[in-house]
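Please examine the structure shown below. The paragraphs that follow lead through its surface, its overall fold and one of its helices.

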Amino acid sequence: MSIGIFAAIAAALAAGLIPVLTKALMLDGLSATTILFYRYVVVFVVLGITFIVKKENIKLSIRQVFGLCIFSVFGYGGATFLLAQAFNFMPMGLATMLYFSYPFFVVLIMRVVFKEKPNRTKIIALGIAILGIIFLINFDFQLVNFGSILAMGSGLAYGIYLVSLQKSVLQKLKDPVIIFYLGGISAVIFGLQGCLVSGNPEFLRLPVKGVFFTVALGLITIFVLKMVTYAIKKIGSTQTSLIIAFEAVVTLVLGIVLYGEPWNGNTVFGALLMLVSVILVSRTSDIDIILE
């Protein structure tokens, strides 16, 4: 087994911990806004220090700044916010699996916006994804509620982010630079949102556990980015994407083990179908799975 595969596996395992730590903080009473604010502050500061030490030039054009602001709100930042909010209404593992509906939205956006006709494999993958969602909700359509809408919305937002990496002015930027600026912009957005919604800057106060966990979330985010980038260089984007897809399984299993979230045979089969869908789309797409 090559070191590139180990890197991709490490990224999948680490990424699977992000929802677990987020859920733990939310159970302690912290809001998704507070958690994401500190997570992205850590990402921005740590990557910023790295760029300063390495003396890297990370200047942007006006168009790139505008694109990063747009995709922070409606793509990357929006995806993480909607997914975290979904944890308030449904099991963490199920929400994460629904979030992995983003291949469906990627194909849909490419078809509607860029007139790219999906091939037979992608059509089959989408059918499998829909069937997977039906199994995940255990054929109980009462579970199609606000929580599942938020989780699917996070998949849509992440799909927008992935398409933007390929089709917008962001495609010429390196991954660490993109995450650095998205982290900074997202931190500002969530900070302003917290102040405006709560009307009190006290929403930024963290308990000791919150400090450790939010720092861990930021460092894990950076670690996943580094491992994915390294794996892509060693084994290619397609194989890396396939391995990273198992992040959702890691979260599902940890949700069952740590939080006693409900599951049955339909849950397992639905999760497998969702993974098959992601794998099929990944093998026929130029869009990489960069980061959660």
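Which residues make a nonpolar surface patch of about 360 Å²? The patch is made by Phe44, Val45, Ile49 and Val53. Patch residues have over 30% relative accessible area and no salt bridge, and nonpolar side chains (Val, Leu, Ile, Met, Phe, Trp, Tyr) are joined within 5 Å, whereas like charges are joined within 9 Å. A salt bridge is a side-chain nitrogen of Lys or Arg within 4 Å of a carboxyl oxygen of Asp or Glu. The model is predicted: local features need pLDDT of at least 70, side-chain atom pairs count only at pLDDT 80 or more, and totals for chains, interfaces and linings use all residues. Residues are numbered from 1 along each chain as its sequence is written, and side-chain values use heavy atoms, leaving out hydrogens and water.

Val45, one of the patch residues, lies in helix H2 (residues 32-54). With a relative accessible area of 40%, Val45 is partly exposed, a class between buried (under 20%) and exposed (over 50%), judged with a 1.4 Å probe and protein chains only.

The chain as a whole has 12 helices and 0 strands; these are DSSP runs, H or I of at least four residues for helices and E of at least two for strands, numbered from the N terminus. Of its 292 residues, 53% are buried.

Helix H4 (residues 92-99) is mostly covered, with 8 of its 8 residues buried. Among them are Met92, Gly93 and Tyr99.

Note on methods
Areas by Shrake-Rupley, 256 points an atom, 1.4 Å probe, with all protein chains shown as cover.
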